[in-house]
Amino acid sequence: MRVLLIGANGYLGRFVADRLLADPAVQLTALGRGDDADVRFDLASGSPGALTRFLDAVHPGVVVNCAGATRGGARDLTRHNTVAVATVCEALRRSGCGARLVQIGCGAEYGPSQPGSSTAEDAVPRPGGPYGVSKLAATELVLGSGLDAVVLRVFSPAGPGTPAGSPLGRLAEAMRRAMQSGDGELKLGGLGVQRDFIDVRDVARAVHAASLSAAQGVINIGSGRAVRLRDAAAMLARVAGYGGALHELDGPPGPLRATIGHPRGESDHGSPVAYPYPDGCGSWQQADVRTARDRLGWRPRINLEESLADIWMEAACRI
């Protein structure tokens, strides 16, 4: 099976590439903006015609699109998450390769949900911010394209390679700095948010399964269990061996704020720093993952503690 992977050098794409390369039946070609891609191509600015010519030359059986942006203004998010997917869909329609498309969507497309509920694929999407809007628009383009296509709505990815700017990445960095400076307490805010964390390696397994399946439409990829950031912080402290006290600051559930011990003499010692959680999903999100089980034969295997241990190992190695 010849697979074209778009966005192979991104957070999710790296693990998808590893998973596909481990399958001896897969011949993988990586397309992206970086120098390490087999073919350099920018979906946000490249033409569908140019991509069509490449598809006709390579003739993949499956195209996996892991490319996209999670941060930036509405214009950039639209360009990288929506226009780019329009380019992929149009190129596939023009091409004679007949490839199946596996598009990586996001749980942020659903927006806020009722606390205690599990969000299934038939829920009406109401994204709460420009990121979710741009990803939902991409999903609608894929579903309306007439292609053999599936969209995997990935909830909150975690594990090795977690970006330092993500909530779990910030938790790990705040804890690392506290331990490095010998602080006996760590003040954190906004830990009431509950998210469905799923390890990136489990996401890669889902992509592999979707590539081999005939499933179409939208399929949720998550753990099926919401975890409060407060509990994730306590779990991370155990993993890291941090013996200090965790103090939660009062504040709204959306932002994540961290105050740690700065070097002496800094004027901002003790003042909280606001870190927004940009997904627009409110205080609660939990995936209903029965469709992934039934149609892909997929279940998550890696628990959050193992994901956090890998996040901590990378954070602890930072200088």
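## Rings and a charge

Rings of Phe, Tyr and Trp (its six-membered ring) pair if their centres lie within 6.5 Å. By that rule, this predicted model has one aromatic pair.

A charge sits over a ring if NZ of Lys or CZ of Arg is within 6 Å of the ring centre and within 35 degrees of the ring normal. Arg153 lies over the face of Tyr110, at 4.6 Å from the ring centre.

## Ser166

Ser166 is in the loop between β7 (156-158) and α5 (167-181). Helices (H or I, at least four residues) and strands (E, at least two) are DSSP runs, numbered from the N terminus.

Ser166 counts as buried because its relative accessibility is 14%; buried means under 20% relative accessible area (1.4 Å probe, protein chains only). Its side chain reaches the backbone oxygen of Pro163 at 2.8 Å.

## The cavity

A cavity is a set of points on a 1 Å grid over the protein atoms alone, where a 1.4 Å probe fits but cannot get out. The structure holds one of 30 Å³ or more. The largest cavity has a volume of about 50 Å³, the space filled by probe spheres set on the points.

Lining residues have an atom within 4 Å of a point. Among them are Pro163, Gly169, Ile311 and Arg318. Helix α9 (304-316) gives the most to this lining, with three residues.

## Basis

Residues are numbered from 1 along each chain as its sequence is written. In this predicted model, local features need pLDDT of at least 70, side-chain atom pairs count only at pLDDT 80 or more, totals for chains, interfaces and linings use all residues, and side-chain values use heavy atoms, without hydrogens and water.

Conventions: Phe/Tyr/Trp six-rings, centres within 6.5 Å; stacked < 30°, edge-to-face > 60°. Buried < 20%, exposed > 50% of the residue type's maximum accessible area, 1.4 Å probe, protein only. Polar contact = N/O pair within 3.5 Å; in protein donor to acceptor, adjacent residues only side chain to side chain. 1 Å grid on protein atoms, 1.4 Å probe; cavity = no way out; pocket = protein on both sides within 12 Å on 5 of 7 lines; lining within 4 Å.
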